[in-house]
Amino acid sequence: MEQRRELTVAGLGSEAGGWPSVRAQRQFVARVVRRQPLGVAGGIIVLLLVLMAIFAEQLAPYDPKQAAFEIYHPPNRAFIMGTDHLGRDIFSRVVWGARLSLYVGLVSVSVGITAGALWGIVTGYLGGVADSLSQRVVDTLMGFPPLILALSLMAVLQQSVHNVIITLAILLMPTAARTLRSTTLSLKEMGFVESARALGSSHARIIFGHILPNCLATYIVLFTVNVSYAIVVEAALSFLGLGAPPDEPSWGGMLNAAAHAIQRAPWIALFPGLAISLTVFGLNLLGDAIRDLTDVKLRGRESQSE
Amino acid sequence: MRRYIVQRLLLFIPAILGVTLVAFVLMRLVPGDIATILVYEAGTERAGAAQQAVQKMRRELGLDRPIAVQYAHWLLGAVRGDFGYSYWERRPVSEILGERFPRTLQLALMTVLLALCWAVPLGITSAVRQDTALDYLARLVSISGLSIPAFFVGVLLLFFLVRFFQWMPPLEFTPLLDDPAANLKQLIWPALAEAYYISAPITRLTRSLMLEVIREDFVRTARAKGLPERLVVYHHALRNMLIPLVTFVGWSGGRLLGGVVVMELIFAVPGMGTGLIDAVNHRDYPTVQAIVVLMGLLFLTLNLVIDLLYGWLDPRIRYQA
């Protein structure tokens with residue numbers, strides 16, 4: 001029911017049923033571009049990043065882990081971004097780094113936010129002892145400064161890309177749980193839940209049929225906002241030497257090596273740093289736009305320009 | 001009001017206990033038996049004797065007792081200020097903490113001060129002069145502050161200092177009381193870099209809160225009364241934004257504590273952050289545990305204080321039955 005209403009508000013012409021026409025689609029795109037130009041810019045940046053990640057093998061001129069070249073070579077025709085302290089081509093590492101960052105970001109957010117959301121929804125719905133207990137656990141996990149918790153987790157799990165993903169997922173779960181619990185709590189009070197119970201729907205049916213679909217907007221916003229966060233935390237962990245193994249082309253890891261050689265070879269720091277900044281910038285713009293768009297759909301009022 | 005305070009305190013205690021428990025359990029989960037490592041480092045590697053030495057070491061460290069007992073023992077000690085003994089640095093952990101904590105605290109305070117002095121006026125001005133060049137500039141600065149990771153800013157700053165001012169982080173750290181000038185010269189840079197990162201979301205929040213408050217009726221009334229704009233904005237409007245702003249600044253503390261770790265590393269400040277990283281790298285688990293718990297305690301205490309402050313600031317809560 002709710003999804004149909006959203007499509008109607010967006011004016012895609014599905015009131016009459018059926019898929020929106022090409023003209024309706026073009027109008028929709030034009031409206032999005034007009035309303036959220038920054039978001040579209042962010043989306044383009046993210047798209048370029050995704051393409052870079054997907055086509056890393058084709059784009060990178062050299063093997064990112066191959067340390068066969070002259071060390072500390074400044075940028076020139078053969079090595080567009082120069083070489084690092086081990087003689088690896090920085091451009092190749094930056095390109096492959098896109099794949100690593102995106103992979104880590106997307107997988108950890110998918111796992112973490114989804115698990116946290118389900119946790120929050122189920123305990124919020126059930127209430128009582130389960131809810132109180134779960135809230136204590138969430139409070140405890142949120143009592144740690146995030147990077148500190150991540151450091152401790154990486155100290156336990158040894159350095160590897162998959163362990164970074166696990167750590168990030170654990171980091172993201174409490175926030176998702178708390179946010180979706182409050183959404184669930186307010187949804188629980190609504191009339192349609194009460195009537196569903198009165199009609200004899202089981203708890204599972206209510207959760208999956210009524211509560212979950214209405215949490216979708218919150219979930220999507222949480223998802224997009226936290227992808228950039230996950231990427232930054234992965235970079236920070238690698239920067240501190242506790243994230244991806246130094247061999248892997250992680251942008252944060254590259255900054256780590258760069259900090260030591262900063263006077264001699266500033267380009268080692270410049271390019272990965274710019275890559276992270278640009279990525280986060282694009283994701284933030286996109287996330288803001290998505291948040292504004294879903295706000296308008298659900299609440300039907302113009303959101304403030306940000 | 002009293003009920004509010006009691007409620008907050010009741011939430012605080014299980015959270016801090018949970019933090020100590022999680023830190024404790026995490027450190028016990030690390031692969032590798034500390035007793036074996038220590039014995040082999042000492043060099044008693046002969047077959048039979050090694051086993052006995054390991055057993056003896058385990059008894060000494062108290063590792064042979066059940067986990068719950070170990071935890072209780074640690075907790076009782078921690079409450080009294082005894083966090084165990086660091087085998088890497090060969091001195092009590094509390095000594096290490098005592099040295100490093102004030103430095104981190106100073107850095108964190110400087111960062112927060114700089115960030116607030118910069119972010120709040122900028123956000124307010126940006127809101128009051130919405131859609132002017134200043135507003136766009138401010139929004140650009142804050143978005144860039146959000147996007148550029150703190151450690152990149154730090155590395156860039158370090159680069160500029162080294163290349164253009166021939167300044168490197170000194171090898172020796174001068175405490176504030178010994179030589180304020182030298183101390184500030186070393187700490188101002190990490191504080192600046194971190195403040196730039198922290199201030200970005202605060203600026204954005206201040207701006208959107210201010211935009212909402214400015215549209216309220218009481219602001220229109222105040223202006224109609226002929227009050228000077230400065231009074232309207234900085235006295236009447238600001239007060240009504242303080243609550244969410246203060247809460248948010250409290251939660252920023254978490255990002256701040258994490259960021260401090262990174263900044264200390266870049267600018268070679270021997271504080272809790274570098275202490276934590278060193279300890280992790282040297283497998284010095286008592287120190288890791290103590291620092292993690294201390295940082296968690298700091299963060300939770302900060303938020304408790306903010307929550308209590310919130311109760312005082314918001315008259316609706318203050319006058320609840």
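**Figure 1. Helix α1 of chain B, from its span to its surroundings.** At 1.5 Å a residue, the 28 residues of helix α1 (residues 2-29) of chain B should span 40 Å, and its end C-alpha atoms are 41 Å apart, which agrees. The expected span is 1.5 Å times one less than the number of residues in the helix. Helices here are DSSP runs of H or I with at least four residues, strands are runs of E with at least two, and both are numbered from the N terminus. The model is predicted: local features need pLDDT of at least 70 and side-chain atom pairs count only at pLDDT 80 or more, whereas totals for chains, interfaces and linings use all residues. Residues are numbered from 1 along each chain as its sequence is written, and chains are lettered from A and ligands numbered from 1 in the order in which they are written. The buried residues of α1(B) are B:A15, B:G18, B:V19, B:T20, B:V22, B:A23, B:F24 and B:M27. A residue is buried if 20 or more other C-beta atoms, placed from the backbone, lie within 10 Å of its own, exposed if 12 or fewer do, and partly exposed in between. The cover over these buried positions includes α6 (128-142) and α7 (146-156) of chain A, together with α4 (67-79) and α12 (285-313) of chain B.

**Figure 2. The crossing of α6(A) and α1(B).** The axes of α6(A) and α1(B) come within 8 Å and cross at roughly 65°. Axes are lines fitted to C-alpha atoms, for helices over the stretch in contact, and angles run from 0 to 180 degrees between N-to-C directions. This crossing is right-handed; a crossing has that hand if the near helix is turned clockwise from the far one by less than a right angle, and is left-handed if anticlockwise. From α6(A), the contact involves A:R136, A:D139 and A:T140, and from α1(B) it involves B:L11, B:P14, B:A15, B:G18, B:V19 and B:V22. Two residues are in contact if their C-beta atoms, placed from the backbone, lie within 7 Å. By class, this contact has 5 nonpolar, 2 polar and 2 charged residues. Ala, Val, Leu, Ile, Met, Phe, Trp, Tyr, Cys and Pro count as nonpolar, Asp, Glu, Lys and Arg as charged, and the others, Gly among them, as polar.

Figure 3. Chain A has 12 helices and 0 strands, and its C-alpha atoms fill a box of roughly 75 × 50 × 30 Å along the principal axes. Of the 306 residues in chain A, 45% are buried. Among contacts in chain A between residues at least 6 apart in sequence, 68% join residues at least 24 apart. The contact between the chains takes 34 residues from chain A and 41 residues from chain B. On the chain A side, α6, α7, α10 (203-239), α11 (251-260) and α12 (267-299) each supply at least two residues. By class, that side has 23 nonpolar, 8 polar and 3 charged residues.

**Figure 4. Packing of α11(A) with α7(B).** The axes of α11(A) and helix α7 (residues 150-165) of chain B come within 10 Å and cross at roughly 20°. That makes the two helices, α11(A) and α7(B), roughly parallel, a term for angles under 35 degrees; those over 145 count as roughly antiparallel, 65 to 115 as roughly perpendicular and the rest as oblique. The crossing of α11(A) past α7(B) is left-handed. A:L255, A:A258 and A:A259 of α11(A) make the contact with B:F151, B:F152 and B:V155 of α7(B).

**Figure 5. Helices α10 and α11 of chain B.** Helix α10 (residues 229-266) and helix α11 (residues 272-281) of chain B pack at an angle of about 85°, with their axes 7 Å apart. The pair α10(B) and α11(B) is therefore roughly perpendicular. In α10(B), B:V260, B:V261, B:E264 and B:L265 meet B:G273, B:T274, B:L276 and B:I277 of α11(B). By class, this contact has 5 nonpolar, 2 polar and 1 charged residues.

Figure 6. B:A268 is in the loop between α10 and α11 of chain B. Its phi is near 55°, a positive value in a residue other than glycine. B:A268 is partly exposed, with 16 other C-beta atoms within 10 Å. B:Q186, in helix α8 (residues 180-214) of chain B, is buried, with 21 other C-beta atoms within 10 Å. B:Q186 and B:A268 are 82 residues apart in sequence and 9.1 Å apart in space, C-alpha to C-alpha. B:P170 lies in the loop between α7 and α8 of chain B and counts as partly exposed, with 13 C-beta neighbours inside 10 Å. The C-alpha atoms of B:P170 and B:L265 are separated by 13 Å, and the two residues are 95 residues apart along the chain.
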